[in-house]
Amino acid sequence: MTNFMKINKNGGRFSIGKVLVILLLSVVGCKKFVQLPSPNTELVSTSVYSTNGSAAAAMTSIYDNMVSNNSLSTGNASISMLIGAASDELRNYSTSFPVLPQFYTNSLTSTQPYFWPEIYQRLYDANAVIAGLQSSTGVTVAIKNQLTGEAKFMRAFLLFYAVNLYGDVPLVTTTDYKINDVMGRTPKANVYQQIIADLKDAQNLLSNNYLTPAGITTTDRIRPNKGAATALLARVYLYYGNLTGDVSNYTKADSAASIVISNSSLYSLSTLNNTFLKASLGNNEAIWQLQPVTPGYNTYDGYEFVLTTTAPGGNNSTNPVAISQNLVNAFEPGDQRRQAWVDSAIIGGTTYYYPYKYKVHTYNVSNPVTEHLMVLRLAEQYLIKAEAEANGVGTGISGAVNDLNIIRNRAGLSSYAGATDKASLLTAILHERQVELFTEWGHRWFDLIRTGNINTIMGPPGNVCQAKGGTWSPQWALLPIPQSEILLNPNLKQNPGY
Amino acid sequence: MQKQMYNFYLTNFVRPPRCTTQFLLTMKLTIFILITAILQVSATTYAQKVSLKGQNVPIDKVFDQISQQTGYDFLVTRSMINLAKPVNIDIKNANLDDALKQVFQGQPLDYAIKDKSIIVYQKQAIPTIPKKEASIQQPVIVTGKVQNELGELMPGVTIREKSNPNNGVITDAKGMFSITVSDENAAITFSYIGYESQELRAKDIPIGSSIILKPSPNNLKEVVVNKGYYSDKKELETGDVSSVSAKEIGEQPVSNPLAAMEGRVPGMFITQNTGVPGGSFTVTIRGKNSISQGNDPLYIVDGVPYSSELLPNLNQIGKSGNSLDFINPSDIESIDVLKDADATAIYGSRGANGVVLITTKKGKPGDMKVDFNISSGVGEVTRMNDLLNGQQYLQMRNEAFKNDRVTPSVFNAPDLLLWDTTRYTNWQKLLIGGTAKYTDAQGSISGGGANTQYLIGGTYHRETTVYPGDEADQKAAVHFSINSSSEDKKFNFLLTGNYMYDNSNLFNIDLVSDAETLPPDAPPIYNPNGSLNWAPITQGQSGTWINPFSLLMTKYNANTSNLVGHSVLSYNILPGLDFSTSLGYTVLQTAETVTTPLTSIDPGYNRTSGSSSFNNSNISTWIIEPKLSYKHVIGRGVLSALIGTTFQRISSLGQELNATGFTNDAFLSDIQAASTITPRSDVSSIYKYESIYGRLNYDLDDKYLLNLTARRDGSSRFGPANEFANFGAIGAGWIFSKESFIQNSLPFLSFGKIRASYGITGNDQIGDYSFLDLYSNTTYPYQGILGLYPTTLFNPNLQWEIDKKLEGGIDIGLFSNRITFNVSYYRSRSGNQLVTQPLSYVTGFTSIAANLPAVVQNTGLEAALSTINVKSKDFSWTSSFNFTDPKNKLISFPGLAANPSYKYTLVVGQPITILKVYHEIGINETTGTFQFASAGGNPTGSPSALTDRNTMINTAPQFYGGFHNSFQYKGFQLDILFQFVKQTGLEYLYTIMPGQQYNQPVDVLNRWTAPGTVAKFPAFTQNFFPGFLSYLSASSSDFTYGDASYLRLKNLSFSWQLPEDWRRRLHLQNCRIYLEGQNLLTITKYQGLDPENQGGTFALPPLRVITTGIEVTF
């Protein structure tokens, strides 16, 4: 063995030194060793926003999660169902869903979170898309613009519902949980300004056309486009005008709605029976729809609202509600919407009226999807324009009557013949909205609140609340902030009355 | 290639003089290295006789020959060789010294023998090594052999010259030795692990004597403690390590090494969760440190970190199994449990919950040894519950309906109206009353010479259960170990491999539930034609019962293979300085299928197809650990230093698929024949880990001990802001029994040590990827693509839990260590707890995995006492006793009141193992329902979960321990281990309301019957409301908890070694016949099947097992 010699030759220390250097180097240079790619079953955010495909998938998940069952968009925990029950549209028969009777009798409690968690989950998702794309280098500019536009649209859309359901709400524009976890409530006007800013950005970023996740033009209208942003902006200006009393907002609402209405190559009113079909079946009234995703189902609205042979409520968890007598009575004689959009079933000797806007109720795996969940449609734009004009902007009263008549005539009704003073017209438009937009996204409830009519309808003299078994208080117009939130974040203050 | 057994110095060491010091140093180092090599590695001794013949042989060739024949190294330079004349020589069997005299005759060179080296120098030069002993006194060669008390030859015994401890040899494979000592009066010591050392003068050892060593179980001096990266002599260690030996494991008929450790290790609490083979265990070392993350110790098998958990699987018995079940207990040489900071801090972020080192058997130098060990036995449930008989059951049911004022119908009382109420089946006896059969066969071959040792062994193990049917868990294991070193002992190589293949076709569902709850009048199992009986069937409905024998048709099959491969390459660079690399790989693979044929499904369900589930999982780990260790005498003490690094990667993959839509039951195990395949789970994760660790130890006079350890860890489980962490510990010890004032005043005190340690370790069992903001796929596509949505928030600060461990201990040995006694007090405070921190919905999430400054404290006292009660020629009796008194306390938890995940379960100042339950205050004498104390102290029948759970029950053990006695009389050996635990536990069955269609323990007859009845149980009722709700409250109250303390005869082992002359006649080294028993006797007040697993109606209790066997060694 000659190792001894070798070591002697090298003076020994060199070898030790070498070994030590190797040992130390191996650790010093190895911060990377413990940094991992994401697991195969999930993706880490930085890789999500590194390609067009996965970035589009992140944006798509927001729509996807919004239309799954029991979401705020559709089904028996939706705004359409619960807020419809809270207002004068629906009659509740169910005892098995604890929150439905609470909404119905306007006796909400702060122990239930209601829509709050989902709104903020989806807001986080939208903020994550905006932030992820901002720092992304792998996503092409066109897709980045499209997705950022969609995310800003969605942020505006969600904040719009948050502010209308809860009043002042935390305005989250970041994904940083440390900021969001302690955020207090932002005044409504500031939230509206953010909504308006987001929608203007969305208008600039989004295409005129309806696109696929890959940015290719398609006949489906299930991702928002520039028209959707403009249509929502029209609604937001109208609401903001109601809130602030600043007439310039009506001007902006009028012009935004006019832009959508005048885009006749894309948008036109459909026949009543076709209004809720998916856009690719030729329904040009659709401005933005959501595609049902659960196999075997069309919309959950159709599944939950349409009655067959079983009476609503009781042990029947599918159909908890029917249309209230109040709404049935609201239709003028000859209103074809009463026939096309309301149907009835006589079960056990009782007649139940039910919303029949969506006509497909059945579940069957082989069912084709023919209906998409309508979120924004052209008829509302006419009514927004009419209401703005009735407030004295644009073409004023004559324009308002004209736009109102477009909706009335489509429903087979004669042109408006009532008084044309502002107040009468606003009343007529409110009524028209009631019979046009019922069981769609809580329109009726928000209309009553923003026009200041909620207390006279729900309380005396309307006494809707009492008729439903509740006791009305003006404070019930807003939902309670979940008590658990206030415990976790002392900066959040409860709405009065809860 | 010709081996050069001597070394040339290329430098001229005589002149210039400045080189002399270099030479001297080199010489010292050379000697040191040789001694070290001889002492540390099992070495050889060479014949001292030399035969040489030749004319004009160059002197280097002569040196070479002598080296080869004697093993002595020549230390010589090339220039000296050049000076020398060729040699003419003809000698036969000459002494080395005589031979050398002849060789050096007339040469310009002379020589000196120093230890095993022959130092050559020029005649005119002054030898640089003082060779007083060699030159003035006459060295003496002592030869002989060493044997144990049974007359067996003992290889590997260390023999040293007392006055010169550097002079030492080791006995060879035949127990032979030869040592040259300075003179005939020199004292020579003989020592061997586990034996009493002997000291003899050279002149008292005639050539070829036999030296007999006596075993000494309490000899601290020779016991070496494995601490993973290094080992310490038990006497000199500053930390707290408990060990379980191969003998202790071997005398227990168990298939999981964890089962063999129960009751033996202070501070380690082990619960066997089920008596079904392959079931899971819960192991905690010194209490639970983590509120919501893993509390498993770090397992290391032969240097390779070993997963403590299995991936999700299809086995629903006993919480899905235990990975250590795939380590063969009979291949284990020792299990060392590292407990305090001193021992565990070198494991850094993984050491907080203790470290369990499992070392498998290695070959030992000696003749080839062939060992066979064959045993078989039976197992059964330790006890049955006393259940209602048929009449009592019917009485209960009828009374329930009467109380409820409900008329029994075929829907709510098929057991009364449709079933044959005269039938009686003892379901316990039928379903869990069987006899489990054990068969175990092992064989091994081991042996080796001084440089290479080997061991190869194989085991077959088959175990059935107490369930009906002959389903079995079968294991086949292979173990090998090769240990080899180069001729000069500088390079060492160790390779070990453990492979186990396990096939189990036991059920994946526990039959205990049916055994305990099926009504005694349930219908017959089989129809007259042999098919399963589902009748009677209510009109248009499915069956009125679920036939438990349908499980017999549900086939479960699990094939698991486990490989643990490990190798160590080490090289002695310089004396005292070693470089080694440990390389390890382990892979645990499982493939499972469960097939549920149509024939096993109630025909009332109108199913058209059977179904099957497939699960595949794979956990693989590799680890590379290079390290450098150094040992040097500095001043009056010895300095040991160690530095090393670790690179590790664990990958876990698992997939579960569910298949239905088969046209025929025959296709169930063919997934291609299914029309619908649903993925059930998909696991894919990687864990990477690297670190640098070190140790510095100084031992002054073998009296004052200081041990410093440190580790810097980087882990992929930690967030990017905290990827690396530092850990470390300081340990100190004082062996006061070596102080002369103690020795003079307390002569009976043979050993006394005070030790203390403090350090910081971590717990990284926080799951992979938990800090990342991950996105998952949506279930259904939208616009043709699956969405990706965020599932977790990004927490760059996520890090390990920090555990600060403090320990103080005293180790005492009395009367030559016939009595040894250890007491340790420990305190560990685990902070930076990784808990679910609740978040406002506004963040988009309800919680985030985050570190909170909550602190959990574990304190405790551990004591161990070992005594040699009787020790005579034919009879010996030794006892050992261990005791642990653990305490756990939540010291702080900021924001507990607002934390929805913990506010109902934790209380600051209380153990984290508490349960907050209602206080049951007896049965209302008027209504016959349960009453509970409300927060205001008033009785209530419907307590509030938010305000009334004010009674705390601690389910952690209050104290536990073991008591072991070992008797030996001639060839007979008897070992008895008692285990005791004081604890409160969940009692049996009280969660099922008496009166429903379930059988009950006879206790329930003590029930309320009419106003004024004072009873333990409420009125029988079969109503869901209010009876069942009331019972739910009762099951969350102190009503269902009781004393689950027990004293158990855990293990008894009796063996008889055939007398020596019989064995000699049969040419057997060893022949032992034995009887072993596990869980033989349990003394407890516990209400239920078994207080250990408290399995209620869910898990089979650990079985009573008795086996007999024979062990033979050729």
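**Helix packing in chain A**

Modeller: H8(A) and H11(A) are roughly parallel to each other, because their angle of about 25 degrees falls under the limit of 35 degrees. The model is a predicted one. In it, the axes of H8(A) and of helix H11, residues 226–244 of chain A, lie 11 Å apart, and H8(A) passes H11(A) in a left-handed crossing. On the side of H8(A), the contact is made by Phe153(A), Phe157(A), Phe160(A), Tyr161(A) and Asn164(A). H11(A) contributes Ala228(A), Ala229(A), Leu232(A), Arg235(A), Val236(A) and Tyr239(A). By class, these residues divide into 9 nonpolar, 1 polar and 1 charged.

H8(A), which spans residues 141–166, also packs with helix H4, residues 52–66 of chain A. Here the angle is about 25 degrees and the axes are 10 Å apart, so H4(A) and H8(A) are likewise roughly parallel to each other. Their crossing is left-handed. From H4(A), the contact involves Asn52(A), Ala55(A), Ala56(A), Met59(A), Ile62(A), Tyr63(A) and Met66(A). From H8(A), the partners are Ile143(A), Leu147(A), Glu150(A), Ala151(A), Met154(A) and Phe157(A). This contact of H4(A) with H8(A) has 11 nonpolar, 1 polar and 1 charged residues.

Phe157(A) of H8(A) links the two descriptions: this residue takes part in the contact with H11(A) and in the contact with H4(A).

Conventions
Residues are numbered from 1 along each chain as its sequence is written. Chains are lettered from A and ligands numbered from 1 in the order in which they are written. This is a predicted model: local features need pLDDT of at least 70, side-chain atom pairs count only at pLDDT 80 or more; totals for chains, interfaces and linings use all residues. Side-chain values use heavy atoms; hydrogens and water are left out. Axes are lines fitted to C-alpha atoms, for helices over the stretch in contact, and angles run from 0 to 180 degrees between N-to-C directions. Helices (H or I, at least four residues) and strands (E, at least two) are DSSP runs, numbered from the N terminus. Angles under 35 degrees count as roughly parallel, over 145 as roughly antiparallel, 65 to 115 as roughly perpendicular and the rest as oblique. A crossing is left-handed if the near helix is turned anticlockwise from the far one by less than a right angle, and right-handed if clockwise. Contact means heavy atoms within 4.5 Å. Ala, Val, Leu, Ile, Met, Phe, Trp, Tyr, Cys and Pro count as nonpolar, Asp, Glu, Lys and Arg as charged, and the others, Gly among them, as polar.
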